[in-house]
2 protein chains.
Amino acid sequence: MRPTSCDYAANVTLGILEGKWKLLLLCHLRNGTKRFCDFTALIPGLTQKVLTYQLRELETHGLVRRQIYPVIPPKVEYSLTPYGESLIPLMDLMNLWGEKHKERLLESEHIG
Amino acid sequence: MRPTSCDYAANVTLGILEGKWKLLLLCHLRNGTKRFCDFTALIPGLTQKVLTYQLRELETHGLVRRQIYPVIPPKVEYSLTPYGESLIPLMDLMNLWGEKHKERLLESEHIG
DNA sequence: CGGTATCCGCAACGATACTG
DNA sequence: CAGTATCGTTGCGGATACCG
C-alpha cells in the first residue's frame with residue numbers, strides 16, 4: 001500500500017543512499033573488499049575526511065563492514081555486508097535509469 | 001558494465017530524486033493529477049516556496065507536466081509524464097527496501 | 001596507513017510577508 | 001489560487017594541517 005502521509009518509506013532509502021560518494025563506494029565494494037587507501041586511489045577528488053564520514057555512515061546503517069587489523073602500519077578493510085548486498089538490485093536499477101537518462105539528454109541536445 | 005570512474009550513472013538518478021519532498025510529490029502524482037494547493041494540503045510542513053522549487057525541478061527533468069489554465073483565480077495542474085512514470089518501478093523498489101529497513105530497525109531495537 | 005581536528009563556503013531548506 | 005521576494009539557518013562537502 002502506498003502512503004498518503006509524510007513518512008514515505010522510499011525516502012528512508014533515499015536518506016541512506018544520499019551522499020555525494022556513497023553509491024560509488026558501494027559500487028566499488030561490489031568488486032570486493034577494499035582498503036581505505038584503495039578508495040582514495042580509485043576516486044580522485046575524494047578527501048580523507050569525507051571518505052571517513054561516508055564510510056562511517058554506511059557502516060552505521062549496516063551496509064558496510066569495517067574490519068580492523070591490529071598491525072603497524074594500520075590495516076583496515078571495508079566490505080559489503082549481506083544487508084548491503086540487498087541494495088544491489090536497487091543500485092542496478094538506478095544505474096540503468098541513469099544511463100537511459102543520459103542518452104535522453106544527448107538526444108534532446110542533438111535535436112535542439 | 002559497471003563503472004570504475006566517477007560518473008556512476010546511478011548518481012545521476014540520485015541527483016534527480018534528491019530533494020526532501022520529491023519522492024513524496026511523485027508518489028502523490030501516481031494517484032492522479034494534482035493542483036498546487038492539493039500538495040500543501042496533503043503534505044504538512046511543506047511551504048509554498050519549497051514546493052514551487054521542487055516541482056520546477058521535476059518539471060525541468062521532464063518527470064512532471066505543468067498545465068496552466070488561464071482563468072481567475074489561477075488554476076495549475078501537475079501530472080506525471082510518461083517519462084516520470086518510467087521511475088515507478090524504481091520508486092516501488094525504494095519503497096520496498098525502505099519498509100524492510102524500518103522493520104529491521106524495529107527488530108534491532110527490540111533486541112537491544 | 002588510516003585516520004582527527006579546524007575552519008570555511010555554499011546550496012538546500014525554512015519562515016514570513018507580499019502579489020497578480 | 002498559485003505563486004514571488006527576502007532573510008536567516010543549517011549541514012554537507014571541501015581545504016588544510018596534524019597524529020598514533
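Trainee: How many bridges pair β2(A) with strand β3 of chain A, and in which sense?

Mentor: This is a predicted model, where local features need pLDDT of at least 70, side-chain atom pairs count only at pLDDT 80 or more, and totals for chains, interfaces and linings use all residues. Residues are numbered from 1 along each chain as its sequence is written, chains are lettered from A and ligands numbered from 1 in the order written, and side-chain values use heavy atoms, without hydrogens and water. Strands are DSSP runs of E, at least two residues, numbered from the N terminus, and two of them pair if DSSP finds at least two bridges between them. β2(A) and β3 (residues 75-80) meet that with 6 bridges, and the sense is antiparallel.

Trainee: Which strands of chain A stand at the edges of the sheet?

Mentor: The open sheet has 3 strands in the order β1-β3-β2 (chain A). Two strands of chain A have a single partner strand each, so one side of each lacks a neighbour in the sheet: β1 (34-35) and β2 (64-69).

Trainee: Which residue in β3(A) is the bridge partner of A:V64?

Mentor: A hairpin joins β2(A) to β3(A) through 5 residues. Within this pair, A:I68 has A:V76 as its bridge partner in β3(A). For A:V64, the partner in β3(A) is A:L80.

Trainee: Is A:S79 buried or exposed?

Mentor: A:S79 lies in strand β3 of chain A. Buried means under 20% relative accessible area and exposed over 50%, with partly exposed in between (1.4 Å probe, protein chains only). At 15% relative accessibility, A:S79 counts as buried.

Methods:
Helix = DSSP H or I, 4+ residues; strand = E, 2+ residues; numbered from the N terminus.
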